[in-house]
Every structure is written in C-alpha cells, then in structure tokens.
Amino acid sequence: MGKSMQNNYMQMALQLAEKGRYLVSPNPLVGCVIEKNDKIIGMGWHKGVGYPHAEIEALNQAGRQAQNANVYVNLEPCCHFGRTPPCVDALIKAQVKSVHIPFIDPNPLVNGQGVAKLKQAGIKVYFGEEAKKAYQLNEFFLHYISNKKPFVIAKWAMTLDGKIATQKGDSKWITNIAARKHSHKLRQSVDAILVGVNTVIKDNPKLTPHLLDSAEIMRQPLRIVLDPHGKTPIGSNILQLMPEKTLIVTTLNATKNWCNEVKNIGATIWQMKIDLNCLLQRLGEKEISSILVEGGTQTLSSFFQAKLVNKVYSYIAPKIIGDNAAYAPLSGFNINKISQSLKLNIRQTKKLGDDLLAISYPSWGN
C-alpha cells in the first residue's frame, strides 16, 4: 500500500478523534480506522470517560474480518487496565496484521509498552504518519500526562494598538460577534476558565459558552477566580449561576463569614498561598488538563512572568483607542531591549468577520 493511502487512513482516524473534543477529558482524543484489502471494515472513536476506546469500537464493527487487517490509530494503544480493559490485548486477540501510530504515548502507563507487546505477538508496528497533526490534536493530554499540570492557554481581545480596555475599564465590545462566538467555542474546549477577582468585579462575567446555540454547548467548564482577599461579590454571576462549577482560590486573608457564604451557595473554596505553580499542580491532581486564562492584565501577566503559558489566542479588532492610560493585555515585564522580548511562534491566523485571530506558542527560549 502506498504511503499516501496510509496517510489518508491516519487522517480519517484524526477526524474521528476530533469528535470527542468536548467529551473525553482528561483522556486523549483517539480515533481508529481498520482497513483490509484497501477497504475500511471498522471505524471508531473515544466517546467519553468510561466508554470503550476507539480501537474497541472499530474492532467491534470489523468483527472477524479484523484478522490480518491494518489498524490506524492516532495514539499508541493502551496496555494497562484503567476504567476499561487494555486495547493491546483486544488487537492481539483479533489477530490484526499491523498497527500504525504517529508516535509513542508519553503516558508512563503506556510509553512504548503497548508497542512492545504488539511486536511480541508478531504484529507489525509502523510510526510517523501525520505525527505533527496528531501531536497538536492531543496537545492538552500530552502536556498534562507528561507534566501532571494543565495546559495553559492565554486569551485576550484587543484593539489594533494593543489595548484590551479603555482607561475607565470599558471593554464591551472590542471584537465582533463572530470573534466572541469563536472564543466561546474555545471556552468549552478546556476544562477550566480562570480570571482574577478584578475582572469579576468590573465585568461580572458568566465565563460560560453562552453565545453558542444550545445544541452546540457540550459542557460547562469549571470557572476559577484568583481572589486573595475574598472580594468576589456574593451576587456576581459566577456565584449565582452554576455555583457548583465555580472555584474561588483565596488565602487566609479572606474573612470566615465570606467563605461560609460562598460555600453555602454551593461553590468551592481553596484557601492557600496563591503560587501559580502550586495551583496548577493541585488542579492537575483534580484531573484538570487544560485552563483558559482570560485575564485581565494582572492575571495574564502573572502567568507569563511565571513562564506557565503554553499557547496564546489573540483576537484583534480593527479599532484604535490611542490612550497611554488604556489597559494592555500584559505589563510589568521591565524589558529595555527588543532582544529581551518574549518570542512567539504564530502557527495560525484566521479572519473572523473584520477581526483577526492569531494563534501562537511562546518559545520560552527553547
């Protein structure tokens, strides 16, 4: 079989995997295609935590025809018992001829062990097809499983001269409805959305994907507020709407009465020293694999200063405020030379009506 056809089957596996975008976290997005004699005999994708894995879905569809067939899956098949049995055992039992994967799964519970077991059973294993696309598809999972901390996305909407609000704090609306709807799709793609308490006080946001049609809303992410002194208003949207989806991270400076009010509403409070590294580690322990940091300036800057940002979404509107006192997305870096500035790799740009979206990755000197 030609390399182009093999890539086509892997591309199909990636497309299937994408269907689980809002459903599978903290698990990876996985799709599987089984081909025999240039004919697809089985397809599957992981539909959610606790559901059969993509390989099992595809094997069930293929049935006995899976013997001597070729399997294309965008992540190394698991070889351990978790919420579901190992997929490697099912592939061996089905007597497939070959398994194609883009790369080794860095999950310590897998990490080449699935490949070794397949080879021991006489099944050929091929690597590398659509590896770059496969890695990007599962960038949340791959970062989380390797670092035990969530993948962090920084997001802001700004004018062409780099302002996110006027000097009086007005920011509604910098971008158009198309850009805002796109950002709401981004919201539901992550496990949690994080802002500082000043954003809650000034804007009273819902931090939900409410601009999407009801049929498009697949889940509501956790809302996290960094609030060192316990100033989140009890009547704010973030506490009054779905308080069970709200986490307030505060310190011992918060009053006992305020803490009790927040808890009685149904929200969760973590009282701790607000160290971002420690916070991400604790969130990782709670299986939060991705966070969208929406700001404002102080919160966004703190994540950049701690070098914790993995990806940036910048929504840019063709407007100019032209005021030195207006707010920028980032500040306080004390950079004196252009050569000291943080470099980002822009991977994608997209027009959203008259607005522009730039998606980039900080290099952090790597």
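Two residues are in contact when heavy atoms of theirs lie within 4.5 Å of each other, and by that rule Asn-310, leaving aside its neighbours within four places in sequence, is in contact with His-143, Pro-150, Phe-151, Val-152, Tyr-361 and Pro-362. The model is a predicted one, in which local features need pLDDT of at least 70 and side-chain atom pairs count only at pLDDT 80 or more, while totals for chains, interfaces and linings use all residues. Residues are numbered from 1 along each chain as its sequence is written, and side-chain values use heavy atoms, with hydrogens and water left out.

**The sheet**

- Nine strands form an open sheet with mixed pairing, in the order β10-β9-β8-β7-β11-β6-β12-β14-β13, where strands are DSSP runs of E with at least two residues, helices are runs of H or I with at least four, and both are numbered from the N terminus.
- Because β10 (268-271) and β13 (344-352) stand at the edges with a single partner strand each, one side of each is left without a neighbour in the sheet.
- Strands β6 and β11 (residues 290-295) pair in the parallel sense over four bridges, two strands being paired if DSSP finds at least two bridges between them, and Ile-153 stands opposite Leu-292 in β11.
- Helix α6 (residues 139-147) lies across β6, β11, β12 (311-317) and β14 (355-362), and runs at about 130 degrees to β6; such angles run from 0 to 180 degrees between N-to-C directions, with axes fitted to C-alpha atoms, for helices over the stretch in contact.

**Thr-159**

- Thr-159 is found in strand β6 (residues 151-159) and is buried, with a relative accessible area of 2%, where buried means under 20%, exposed over 50% and partly exposed in between, for a 1.4 Å probe and protein chains only.
- A polar contact of 2.4 Å joins the side chains of Thr-159 and Asp-161; the term stands for a pair of N or O atoms within 3.5 Å, of which, within protein, one must be able to donate a hydrogen and the other to accept it, and residues adjacent in sequence count only if both atoms are side-chain atoms.
- Leaving aside its neighbours within four places in sequence, Thr-159 is in contact with Ile-174, Ile-316, Ala-317, Lys-319, Ile-320 and Ile-321.

**Asn-310**

- Asn-310 lies in the loop between α12 (297-305) and β12, and Asn-310 is buried, with a relative accessible area of 19%.
- A polar atom of the Asn-310 side chain lies 2.8 Å from the backbone nitrogen of Val-152.
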